Number of protein chains: 2
Amino acid sequence: MESSPNIARIGALLGDNTRAKMLSALMHGKALTATELANEAGVTAQTATTHLAKLADGGLLILQKQGRHKYFALASEEVAQLLESLMGLSASAEPLRVHTGPRDPHMRAARVCYNHLAGDKGIQLYDSLLAQRYLRLVDGAPQLSKKGREFVVGFGVDLDALQRSRSPLCKPCLDWSARRSHLAGSLGRALYTRFEVLRWVSRDGGRTVTFSRKGEREFNQIFPLPAGSAR
Amino acid sequence: MESSPNIARIGALLGDNTRAKMLSALMHGKALTATELANEAGVTAQTATTHLAKLADGGLLILQKQGRHKYFALASEEVAQLLESLMGLSASAEPLRVHTGPRDPHMRAARVCYNHLAGDKGIQLYDSLLAQRYLRLVDGAPQLSKKGREFVVGFGVDLDALQRSRSPLCKPCLDWSARRSHLAGSLGRALYTRFEVLRWVSRDGGRTVTFSRKGEREFNQIFPLPAGSAR
DNA sequence: TCCATACTTCGATCGTAGCCGAAGCATACA
DNA sequence: TGTATGCTTCGGCTACGATCGAAGTATGGA
């Protein structure tokens, strides 16, 4: 009878508040242990176990045992992207109160999305890479140009290592705050990591990213906004 | 405490089987009445009413009263896209049995996604439009070129009417069967409608689209696959 | 060997949400 | 004005799943 994939199965997984908190927590990109996730969601370890089992069963999380710890992470970028677009819909459909939270503006300015930079700064990065022809769009997918290769290597990214891995180097990722793309994929991750190493940015534990004064200045210098871009 | 948008609220909406069926039914792109949706989901009218109210409240559906009928449709392309990506995740995470249904291959070949063409044929259309320079990618978004304008008008699309409407002309939409983009937006809709008018394609009531012999031939002639494209 | 820590399993409780029958509005048409 | 049709509201039934206490199993370190 039903020939289309079962939406409800995954929907139900996302529909529980506790599980949603866990997934949100994992949007940082780091893997977390069962207990950490239990705390994050505000439930006991037993409850967390059942939820995490369901999420892993459902293909949303992958897990890795390490000694007596069990680390959970989002199963793929697709999952992360799905969560982002859910947030997007949720944000646009929700009454305004949520938008007025004090931390919200900072979230919109810069945040971490599955280990790469998102928010206004993420968009700036993406637009600037395109404008400087470090990235080129081929069939809608961003690709690193020869000029871009030289740049990222010069910026301190171990490009060879990235290319050895199987995961795609560049991927676009849709933002929920602005409705624009920013750079995901292993290069997106590597660049963000580099920003942290350079101490341009720091995290406050949540998804919010704060630029240091020096970081902000150098970031804007190396990744200027293209002339014609709005706001 | 929580400053990120509430995923669970929307997740819960998607998590019920009855509601999922209704939403899937609306992926055709047409607006349906409450009773039609009730039948589609296999529940009574009362039950349907409550579900539809929730979906509309949650911002996933919009409704329009027309006499004693009440028509429901997906609220936006974002919603349709979210559903598509849910199906994608679901399909990849699910045990294989679902992939083996008899109608499934046809669904992959050509189907309707929110009133535009999706599946292999949808991708062929998109790639061909790009290859023939009717479409151009600007910042990842497809745009109609001057050559493209002439073509679609010649093909029988009332371009002026489309441009008067506020909704975007061209949008990419990600496929769940192949993981590629195809053409959405009002132009995508208009082209598909034109295919129906020309009797190139017909629907079997579901999302599956069948090409007539003549339709297939002419479609392939006007929208040939670019030389280098795989399979 | 023993203990602490991390996670799992079991069983019981409880709340919520889906469902439908029945009755109630509203609209269309004769 | 009456009658059929489409949708809604109400009330009660039911089932499922989230939760946690208590007890059980692994793992690491003293």
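Reply: Two strands are said to pair if DSSP finds at least two bridges between them. The model is predicted, and the terms below apply to its computed values.

Me: What makes S2(A) and strand S3 (residues 69-74) of chain A a pair?

Reply: Six bridges join S2(A) to S3(A), and these strands run antiparallel.

Me: Why are strand S1 (32-33) and strand S2 (61-66) of chain A called edge strands?

Reply: The open sheet of chain A has three strands in the order S1-S3-S2, with antiparallel pairing. S1(A) and S2(A) each pair on one side only, and are the edge strands. H2(A) packs on this sheet and touches S1, S2 and S3 of chain A. The direction of H2(A) makes about 85° with that of S3(A).

Me: Why is Arg68(B) called exposed?

Reply: The relative accessible area of Arg68(B) is 82%. The term exposed requires a value over 50%, and therefore Arg68(B) qualifies. Arg68(B) lies in the loop between strand S2 (61-66) and S3 of chain B. Arg68(B) and Thr33(B) are 35 residues apart in sequence, and their C-alpha atoms are 9.9 Å apart in space.

Me: Which elements give two or more residues to the surface near DNA strand D?

Reply: In chain A they are helix H2 (17-26) and helix H4 (45-57); in chain B they are helix H3 (34-41), helix H4 (45-57) and strand S3 (69-74). H4(A) supplies the largest share, four residues.

Me: What is the make-up of the surface near DNA strand D by class?

Reply: It has eleven polar, six charged and three nonpolar residues. Of the 20 residues around DNA strand D, those that come nearest are Gln46(A), His51(A), Lys54(A), Thr35(B) and Lys70(B). Among the atoms of DNA strand D within 4 Å of the protein, 69% belong to sugar and phosphate.

Key:
Residues are numbered from 1 along each chain as its sequence is written. Chains are lettered from A and ligands numbered from 1 in the order in which they are written. This is a predicted model: local features need pLDDT of at least 70, side-chain atom pairs count only at pLDDT 80 or more; totals for chains, interfaces and linings use all residues. Side-chain values use heavy atoms; hydrogens and water are left out. A residue is near a molecule or strand if one of its heavy atoms lies within 4 Å of it. Ala, Val, Leu, Ile, Met, Phe, Trp, Tyr, Cys and Pro count as nonpolar, Asp, Glu, Lys and Arg as charged, and the others, Gly among them, as polar. Buried means under 20% relative accessible area, exposed over 50%, partly exposed in between (1.4 Å probe, protein chains only). Contact means heavy atoms within 4.5 Å. Axes are lines fitted to C-alpha atoms, for helices over the stretch in contact, and angles run from 0 to 180 degrees between N-to-C directions.
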